[in-house]
Amino acid sequence: MTSTAQASTPGAKAAHPEHLGHVVFITAAAAMGGFLFGYDSSVINGANGGIQDRFDLSSGVTGTVAASALLGSALGAAIAGRIADRIGRIRVMQIAAVLFAVSAVGSGLPFAAWDLAAWRVLGGIAIGMASVIGPAYIAEVAPPAYRGRLASFQQAAIVIGIAISQLVNWALLNMADGEERGTIAGLEAWQWMLGVMLVPALIYGLLSFAIPESPRYLISVGRTADAKKVLADVEGDIDLDARVAEIDQAMRGDHKSTFKDLLGGRFGLLPIVWIGIGLSVFQQLVGINVIFYYSNLLWQSVGVDPSSSFFYSFETSIINIIGTVIAMIFVDRLGRKPLALIGSVGMGISLAAAAWAFSFQNGSDPLPTAQGYVALIAANAFVLFFALSWGVVVWVMLGEVFPNKIRAAALGVAASAQWIANWVITITFPDLADWNLSLTYVMYAVFAFLSIPFILKFVPETKGKKLEEMG
């Protein structure tokens, strides 16, 4: 997808309040894709136990089903940009909404594990598309003066989606008398958990008809008059001819980078590309998605009853939101590297504490009381430190760290590396947990501590620098 123009027309005014309210609505509507991204990614957490029991699956196969969506996500992220350049940003949102809806219905009514995995892959494609098109559309529609704050809507929507999915799962479990396979209106609770996503998917699709196409896309296909109307609605009293000319000139100067542009250096790729890949991979190797995909099974395995485990998962999602807000406040004040270092230290200590607590687990027996409290506190502290640092910082840095001429291609490679690492962690956790849960957390802690020298030695600080300064 073509990049967004960075500057505004000289002398252009910031959007008037009435225009800003319209822009906030547009941004919130587009961010519904982020909500679905977070919801679909996390909702499987509540269904894992029911799926494993319903289809009599091993831990490894359960992990494969849970992780299947991530393969679709990599594909969706790879194709979204090119499709958006051909048919427009709004059409891609509508396609994603349809895929989310179809996936919800299919996932809620599967007849076999492979059938469920296939529907999850379809939903994953929608996740990948939403993860790309939402931020791109918001950046292209938002007035330059408000772009940073409005862009944060996407990340906020993701963590809210995660929290709401846990709340819905908890409510459905209680309606089913605390049993994941308990029935509600003829369907098992876990089926409703996956199927309820149909509601936000429909809302996302309807909202896409209420927001305008990106002015950048409209200009690219020669619909200048329509572009001016959108610009007038979102940016207010500006010189529309000058603004259109500026966007048009920026697009003509865009360099559409390819994978060939990334080649070089001693290890096949340019050093800065490896830094981006490293940021993406470390973000996943600390095991954050284990919490969001498997926390219910995790708490149940140490003696917590299903209803309480769902409550703990929702509590963790709220902590995730709090941490994200903290990161949004301090990422421009403290800088990217200091925030990442704080997170790495905090995550490493929290994961080490969790590893110690789970070392007292004896089969299916509950943890001793003291170790149980330590495990709960450590898991929540881990999520907090991740959310206030790597959860936000990595995406900010990936958008800033690459030189203009390779940004699009390098970001695509880094994002793909992130989805692959996410898939590896998700698919391996059930078997690793069956083998030795404590040592599994030791492994995640090691990766958290290894990220510290990586940040100090290789990662540049991007705070306060113009994108054009990145070389």
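This section describes the confidence, nonpolar core, helices and selected residues of a predicted model.

Residues are numbered from 1 along each chain as its sequence is written, and side-chain values use heavy atoms, with hydrogens and water left out. Since the model is predicted, local features need pLDDT of at least 70 and side-chain atom pairs count only at pLDDT 80 or more, whereas totals for chains, interfaces and linings use all residues.

The protein chain has a mean pLDDT (the predictor's confidence in each residue, from 0 to 100) of 83, and 87% of its residues reach 70 or more. Over residues 2–15, pLDDT stays under 50; for this segment the model has 38 contacts (heavy atoms within 4.5 Å) beyond four places in sequence. Where pLDDT is low, the predicted coordinates should not be read in detail.

The largest nonpolar core comprises 130 residues. Such a core is a set of buried Ala, Val, Leu, Ile, Met, Phe, Trp, Tyr and Cys residues joined through side-chain atoms within 4.5 Å; buried means under 20% relative accessible area, exposed over 50%, and partly exposed in between (1.4 Å probe, protein chains only). Ile51, Phe100, Leu279, Trp390 and Tyr441 have the most contacts inside the core. Its largest share, 15 residues, comes from helix 17 (residues 407–458); helices (H or I, at least four residues) are DSSP runs numbered from the N terminus. At least three core residues come from each of domain 1 (17–211) and domain 2 (257–470), with bounds taken from an automatic or database domain assignment. With neighbours within four places in sequence left aside, Ile51 is in contact with Ile44, Asp56, Leu57, Leu116, Trp190 and Leu194.

Helix 1 (residues 17–54) contains Ser42, and Leu36 is also found in helix 1. Ser42 is buried, with a relative accessible area of 1%. Its side chain makes polar contacts (pairs of N or O atoms within 3.5 Å; within protein, one must be able to donate a hydrogen and the other to accept it, and residues adjacent in sequence count only if both atoms are side-chain atoms) with the side chain of Ser165 at 3.3 Å and with that of Gln166 at 2.9 Å. Beyond four places in sequence, Ser42 is in contact with Ile162, Ser165, Gln166 and Phe292. Leu36 is buried at 0% relative accessible area. Leaving aside neighbours within four places, Leu36 is in contact with Ser41, Phe100, Met197, Pro200, Ala201 and Tyr204. The C-alpha atoms of Leu36 and Leu198, 162 residues apart along the chain, are separated by 9.9 Å.

Leu99, in helix 3 (residues 89–108), is buried at 17% relative accessibility. Leu99 touches Leu122, Ile125, Ala126 and Met129, not counting residues up to four places away in sequence. By contrast, Leu206 of helix 7 (residues 198–208) is exposed, with a relative accessible area of 62%.

Helix 15 (residues 369–387), with 19 residues, reaches 27 Å from first to last C-alpha, close to the expected 27 Å. Its buried residues include Gln371, Asn380, Phe382 and Phe386.

How values were computed
Helices (H or I, at least four residues) and strands (E, at least two) are DSSP runs, numbered from the N terminus. The expected span of a helix is 1.5 Å times one less than its number of residues.
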